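Here is my note on the model you sent. Please read it with the structure open beside you.

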Amino acid sequence: MQAGSALRLVFAGTPEFAVPHLQALLASRHRVCAVFTQPGRPSGRGRKVVPSPVQQVADAAGIPVKQPSSLKQEEIQADLLGLAPDLMVVVAYGLILPPEVLEIPRWGCINVHASLLPRWRGAAPIQRALEAGDSHSGVSIMQMETGLDTGPVLASAVQAIAENTTGGELQRQLMALGPDLLLQVLDDLEACQLGAQRQPEGATYAHKINRVDALLDWNANALSLHRKILAFNPVPTAWTLLAGQPLKVWQAEPCAGSGPAGEILHCSKAGIVAACGEGALRLQRLQLSGGKPLASAELLNARRDQFKPGLLLGAQGPAP
């Protein structure tokens, strides 16, 4: 293949993170002949099925959309074979590609991954990097193989993580970084594949996040809890319990203070200070069950009786 040749592509992706990558391909000289995405999911009070962000872009562009629940089905693989793709581009698709699928495109399948591999293979690299206090993140484009994010890296780009960066902010930064890197790889795909670098030892895994992961354990130190609050803002949002009811914590900062873990030490316009296993956290933006996120000063004006020194955060109760 000559450098700069137009490619016939199949794109596979589902969430918002994948959207700018698809848009970049649609605006390029390459041809996206089909889009694979996960089926829409019920949302809102009416539980109406909402198409994935990727499907919405594909529909608007008139690109055929396929929504299989699995790629192991022979008829799905036959459909993909009939598309005769040069390459399959995968960005946060959410389904495993079996070996049979990896072998269908002429140049195989490549994946845009939101970490500097082998750091943070797996489902939640952005949140796990922030939770661990990493100083850098980035985007890696790898040639896919049967292992989970184990393939050789075709290209990568680094993103420094500034202080107090949230999960949502880092995602937006990497969403801006990935499309240009992807187009650079496609513009010289054969050379990138020939020069692909095997991943070194020392892989870490970004396990899928659930509500329990976002629960604040007040016995931990203030710095680790602060990192968790940043990592899970906006999804799924760190949370604790107050008087048995869920309380989401959107913003906080470590501060001086000591006392029993989870005890509210004092309240002011600057924030609600709660003791940790080591140090304390000043809670600055909170959300009561059924309410909206509010600055602590606003919340204290409306619900001061619920935030008194001596009350304990973290008692048993339902998840938000």
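1. Start with helix 1. Its buried residues are Val19, Pro20, His21, Leu22, Ala24 and Leu25. Buried means under 20% relative accessible area, exposed over 50%, and partly exposed in between, with a 1.4 Å probe and protein chains only. Helix 1 covers residues 19-26 and is mostly covered, with six of its eight residues buried. Helices (H or I, at least four residues) and strands (E, at least two) are DSSP runs, numbered from the N terminus.

2. A word on the source. This is a predicted model: local features need pLDDT of at least 70, side-chain atom pairs count only at pLDDT 80 or more, and totals for chains, interfaces and linings use all residues. Residues are numbered from 1 along each chain as its sequence is written, and side-chain values use heavy atoms, with hydrogens and water left out.

3. What does helix 1 pack against? Its buried residues meet strand 1, strand 2 (31-36), helix 2 (53-61), strand 6, strand 7 and helix 6. Contact means heavy atoms within 4.5 Å.

4. Seven strands form an open sheet in the order 5-2-1-6-7-9-10, with mixed pairing. Two strands pair if DSSP finds at least two bridges between them. Strand 5 (65-66) and strand 10 (153-160) stand at the edges with a single partner strand each, so one side of each has no neighbour in the sheet.

5. Five of the five residues in strand 6 (residues 87-91) are buried. In a regular strand the side chains alternate between the two faces of the sheet. Here both faces are covered: Leu87, Val89 and Val91 are buried on one side, Met88 and Val90 on the other.

6. Which strands flank strand 6? Strand 1 (residues 8-13) runs parallel to strand 6 and is joined to it by five bridges. Val10 stands opposite Met88, and Gly13 stands opposite Val91. Strand 7 (residues 109-113) also pairs with strand 6 in the parallel sense, over three bridges. There, Val89 stands opposite Ile110.

7. The largest nonpolar core has 43 residues, and Phe11, Val89 and Ile110 have the most contacts inside it. Helix 6 (residues 167-187) supplies the largest share of this core, seven residues. A nonpolar core is a set of buried Ala, Val, Leu, Ile, Met, Phe, Trp, Tyr and Cys residues joined through side-chain atoms within 4.5 Å. Setting aside neighbours within four places in sequence, Val89 is in contact with Leu9, Val10, Phe11, Ala12, Leu25, Ile110 and Leu182. A second, separate core has 24 residues, including Leu242, Cys267, Leu294 and Phe307.

8. Pro260 lies in the loop between strand 13 (245-255) and strand 14 (264-268). Is Pro260 buried or partly exposed? Pro260 is partly exposed, at a relative accessible area of 49%. Its C-alpha atom is separated by 7.6 Å from that of Gly277, 17 residues apart along the chain.

9. Finally, the whole chain. The protein has nine helices and 17 strands. Its C-alpha trace spans about 70 × 45 × 30 Å along the principal axes. Of its 320 residues, 48% count as buried. Among contacts between residues at least 6 apart in sequence, 64% join residues at least 24 apart.
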